[in-house]
Amino acid sequence: MNLGAYLERRGITAYRLVKATEGRLAPVTVYGLAAKPAQRIDLATVGTVLEALSELTGSPVQVQDVLETLDAEGDQRREDARRRIAAPRSG
């Protein structure tokens, strides 16, 4: 899910989306989803985001509108991130 790209294409700020969710989602959740593509997300959160986006845009927003397929480079970035997370920390 690439919410940030969707917001950018539509000229919507994460702040506006936070306000549109009317306290149903924590601001940190919205900002986190807008900052980087999500690998996993709660379905209730997706529903809330889509509902708020539909209100902001004035037309229905479907889940496929905020999904994007990762290319080989994106897959590699994801794998690199997994390795960094799994690597033992020194120090």
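Where in the chain is E22 found? I shall open with that residue, and then turn to the helices around it. Please bear in mind throughout that the model is predicted.

E22 is found in the loop between α2 and α3. Its phi angle is near 50 degrees, which is a positive value in a residue other than glycine. E22 is also exposed, with a relative accessible area of 63%.

Of its 91 residues, 29% count as buried. The accessible surface of the chain comes to about 6300 Å², and 52% of that surface belongs to carbon and sulfur atoms. As for contacts with a separation of 6 or more, residues 24 or more positions apart account for 63% of them.

I turn next to helix α1, which covers residues 3-10, and to two of its partners.

The axes of α1 and α3 come within 5 Å and cross at roughly 85 degrees. An angle from 65 to 115 degrees counts as roughly perpendicular, and α1 and α3 are therefore described in that way. On the α1 side, the contact involves L3, G4 and L7; on the α3 side, it involves V30, L33 and A34. By class, this contact has five nonpolar residues, one polar residue and no charged residues.

The other partner is α4. Here the axes come within 12 Å and cross at roughly 5 degrees. Because angles under 35 degrees count as roughly parallel, α1 is roughly parallel to α4. The residues that make this contact are L3, Y6 and L7 of α1, together with V49, L53 and T57 of α4. They divide into five nonpolar, one polar and no charged.

What lies on either side of α1? In the segment before α1 we find N2. N2 has a relative accessible area of 12%, and since buried means under 20%, N2 counts as buried. Leaving aside residues up to four places away in sequence, N2 touches P37, V66 and E68.

In the loop between α1 and α2 we find G11. In contrast to the buried N2, G11 counts as exposed, at 54% relative accessibility. G11 and T57 are 46 residues apart along the chain, yet their C-alpha atoms are separated by 9.9 Å.

I shall close with the charged side chains. In general, side chains of opposite charge can pair when their charged atoms come close. How many salt bridges does a search of the whole structure find? The search finds one. E51 forms this salt bridge with R24, and the closest N and O atoms are 2.4 Å apart. The pair links distant parts of the chain, as the two residues are 27 residues apart. E51 belongs to helix α4, residues 43-57, while R24 is in the loop between α2 and α3, the loop in which E22 is also found.

Definitions and conventions. Residues are numbered from 1 along each chain as its sequence is written. This is a predicted model: local features need pLDDT of at least 70, side-chain atom pairs count only at pLDDT 80 or more; totals for chains, interfaces and linings use all residues. Side-chain values use heavy atoms; hydrogens and water are left out. A salt bridge is a side-chain nitrogen of Lys or Arg within 4 Å of a carboxyl oxygen of Asp or Glu. Helices (H or I, at least four residues) and strands (E, at least two) are DSSP runs, numbered from the N terminus. Axes are lines fitted to C-alpha atoms, for helices over the stretch in contact, and angles run from 0 to 180 degrees between N-to-C directions. Angles under 35 degrees count as roughly parallel, over 145 as roughly antiparallel, 65 to 115 as roughly perpendicular and the rest as oblique. Contact means heavy atoms within 4.5 Å. Ala, Val, Leu, Ile, Met, Phe, Trp, Tyr, Cys and Pro count as nonpolar, Asp, Glu, Lys and Arg as charged, and the others, Gly among them, as polar. Buried means under 20% relative accessible area, exposed over 50%, partly exposed in between (1.4 Å probe, protein chains only). Accessible areas come from the Shrake-Rupley method with a 1.4 Å probe; for residues, only the protein chains shown count as cover.
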